[in-house]
Amino acid sequence: MGLTLTWLSVIILIPLAGLFLKTLELSPAQFWEILTSRRTLNALRISFGLSFAAACVNLVMGTIIVWALVRYRFPGRRLFDAIVDIPFALPTAVAGVALTQLFAQKGWLGAPLAELGIKVAFTPIGIFIAMVFIGIPFVVRTVQPVLIDLDPEIEEAAASLGANRWHTVFRVILPSLIPALLTGFALAFARAVGEYGSVIFIAGNLPMVSEITPLIIITKLEQYDYAGATAVASVMLVASFVLLLIINGLQGWTDRRRERLA
């Protein structure tokens with residue numbers, strides 16, 4: 001236990017404590033001024049707003065993907081199941097470059113969209129797409145084992161009792177999946193909020209337009225404004241702690257629900 005606590009302190013706790021100590025160099029007025037500046041607030045709005053929207057999309061589409069992978073047998077199912085993990089294994093910078101090339105105005109998807117008057121690369125839309133890309137595996141891999149353990153005979157029993165397909169989905173299946181769905185949603189949201197590598201290329205990094213919060217921190221560091229960078233970073237850190245508490249609570253709820261069902 002002593003070795004474990006010492007290692008965790010050196011690797012995690014001491015650097016985080018140093019972050020907060022550096023922030024204390026600022027007066028409350030300076031700290032508040034940095035956080036409430038128009039540029040910082042806009043970056044926070046983009047990061048958290050688009051992360052929430054991307055997590056919502058991943059929640060819906062991830063559930064559909066899980067259902068198809070678990071409940072149906074079709075050629076190439078194992079291949080598609082493996083493709084879901086690509087955002088896990090792919091370096092974030094590579095993902096960002098690939099998405100930028102794909103959705104640039106002369107890219108495969110960017111060109112036809114540009115003809116329709118829709119610009120994706122270097123706009124908040126591009127940030128949203130990148131966040132969806134990196135977040136989808138979290139929903140799929142969180143919900144998949146729960147759906148696998150859900151016996152199809154439950155659906156057959158509901159159908160034999162007169163329930164139609166929609167009643168079976170919303171009153172039998174979804175209640176069992178809610179804890180896993182919420183956990184996957186929280187994981188996808190947390191990953192999107194802190195994502196930098198895959199977002200930075202397609203964002204364009206235009207102040208007040210497509211600038212994300214991690215870029216604000218990098219910009220302040222490049223300007224040797226270490227206290228300002230730690231002020232913004234401390235907000236992100238507190239948000240990460242809250243998300244981790246929520247995720248751990250949801251995972252505990254999921255485990256307790258599984259034990260009761262077992």
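**View 1. Aromatic ring pairs in a predicted model.** The count comes to 6 aromatic pairs (Phe, Tyr or Trp rings, the last by its six-membered ring, with centres within 6.5 Å; planes under 30 degrees apart are stacked, over 60 edge-to-face, the rest tilted). Phe74 and Phe80 form a tilted pair, with ring centres 6.3 Å apart and planes at 55 degrees. Phe74 is partly exposed at 30% relative accessible area, and Phe80 is partly exposed at 46% (buried is under 20%, exposed over 50%, partly exposed in between; 1.4 Å probe, protein chains only). The model is predicted: local features need pLDDT of at least 70, side-chain atom pairs count only at pLDDT 80 or more, and totals for chains, interfaces and linings use all residues. Residues are numbered from 1 along each chain as its sequence is written, and side-chain values use heavy atoms, without hydrogens or water.

**View 2. The Phe88 and Phe138 pair.** These rings meet edge-to-face, centres 5.1 Å apart and planes at 85 degrees. The pair links distant parts of the chain, 50 residues apart: Phe88 lies in helix H5 (residues 86-89) and Phe138 in helix H8 (residues 124-149) (helices are DSSP runs of H or I, at least four residues, numbered from the N terminus). Phe88 is partly exposed at 40%. Phe138 is buried at 17%.

**View 3. A phenylalanine cluster.** Ring pairs join Phe48, Phe52, Phe185 and Phe189 into a cluster.

**View 4. The surroundings of Ser210.** Ser210 sits in the loop between helix H11 (197-203) and helix H12 (213-222). Ser210 is buried, at 0% relative accessibility. A polar atom of its side chain lies 2.5 Å from the backbone oxygen of Ala203.

Technical notes: Helix = DSSP H or I, 4+ residues; strand = E, 2+ residues; numbered from the N terminus. Polar contact = N/O pair within 3.5 Å; in protein donor to acceptor, adjacent residues only side chain to side chain.
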